[in-house]
Amino acid sequence: MPGSNTFPSSECPADECQWADIGVNLTDRQFAEDREAVLQRAREAGVTRLLLTGTNVEESRQAVALCQRYPNQGLFCTAGLHPHSARFCNDDVLSELRELLEQPAVAAAGEMGLDFNRDFSPRPDQENAFEAQLALAVDHGKPVFLHQRDAHDRFLPILKAWRDRLPAVVVHCFTDQRRPLFDYLDLDCFIGITGWVCDERRGRELAELVPHIPGNRLLLETDAPYLLPRDLPEPPAKKRRNEPCLLPWIGARVATLRGETTQALAQQTLANTLAFLQRDWPAALTHTTPAHP
């Protein structure tokens, strides 16, 4: 019922499917009042691993702090500067990001890239910040978590120049067209798919492309609290807020598009996530308490 704390599930029970959500903005203020409940609902839905997104220095610090506060919740995070904030990139910011990338909780560099849709930062600043962060990722041997919107023609050559020195790449929240998809696959990138694919209006072209992503290149993410799936049978507890517990719903849609079982997709995308991060990643424990009050 509207406003309830129940969420739809896929046909794969949580005790049979384990999922990894590679894009969660858990530092967002929309989660300020109920983060522990959000983590609990994720566990109950079988979403046992969450990669928290860092989009600037402060949010990256907060993401590290959350990983430390909930050490048994299957949390890792990224550290980076989103292209919207690229105008703030300077030596001090890069020095702070360098220190963050040395934190054990930080599994990837980013969110970084180019966004020529909104142009919140001048395009030259975006390109400079992108390359500077790619250099940091190379120096620290970190995979990268990338953002690209309406910028493929500049994004691709920059990525190509660095790709051989990067251990792994995911193009997060992919919503682009066929040519960019295959350009990124040619560079052996992972492709992050969100609830955009559940939108019968905006997500139609993406739905047609999803079956063409090789099984070993596919990752799943909610981008919570954003990109709430449009095809949910009931609205969520908080209006328009997406949560990691909805990842199995997205996964079920992707599995249907690909002609796969939900269980097989969960297993494959979890294996892909571990391959992307190239590290051991224990699942969330069933019951846990914060490390700090």
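A residue counts as buried when its relative accessible area is under 20%. In this predicted model, Phe190 has a relative accessible area of 3%, so Phe190 is buried. Phe276 is buried as well, at 0% relative accessibility.

Beyond its neighbours within four places in sequence, Ile193 touches several residues, including Phe174, Leu206, Val210, Ile213 and Val254.

Five aromatic pairs are present in the structure. Phe130 and Phe155 form a stacked pair. Their ring centres are 5.3 Å apart, with 15° between the planes. Phe130 belongs to helix 4 (residues 123-140) and Phe155 to helix 5 (residues 152-163), so this pair ties together parts that are 25 residues apart in sequence. Another pair joins Phe190 and Phe276. With centres 5.8 Å apart and planes at 70°, it is edge-to-face. Phe190 lies in strand 7 (residues 190-193) and Phe276 in helix 9 (residues 262-277), so the pair links parts 86 residues apart in sequence. Phe130, Phe155, Phe174 and Tyr184 make up one aromatic cluster.

Two arginines sit over aromatic rings. Arg165 lies over the face of Trp162, at 4.2 Å from the ring centre. Arg279 lies over the face of Phe76, at 4.6 Å from the ring centre.

Methods
Residues are numbered from 1 along each chain as its sequence is written. This is a predicted model: local features need pLDDT of at least 70, side-chain atom pairs count only at pLDDT 80 or more; totals for chains, interfaces and linings use all residues. Side-chain values use heavy atoms; hydrogens and water are left out. Contact means heavy atoms within 4.5 Å. Rings of Phe, Tyr and Trp (its six-membered ring) pair if their centres lie within 6.5 Å; planes under 30 degrees apart count as stacked, over 60 as edge-to-face and the rest as tilted. Helices (H or I, at least four residues) and strands (E, at least two) are DSSP runs, numbered from the N terminus. Buried means under 20% relative accessible area, exposed over 50%, partly exposed in between (1.4 Å probe, protein chains only). A charge sits over a ring if NZ of Lys or CZ of Arg is within 6 Å of the ring centre and within 35 degrees of the ring normal.
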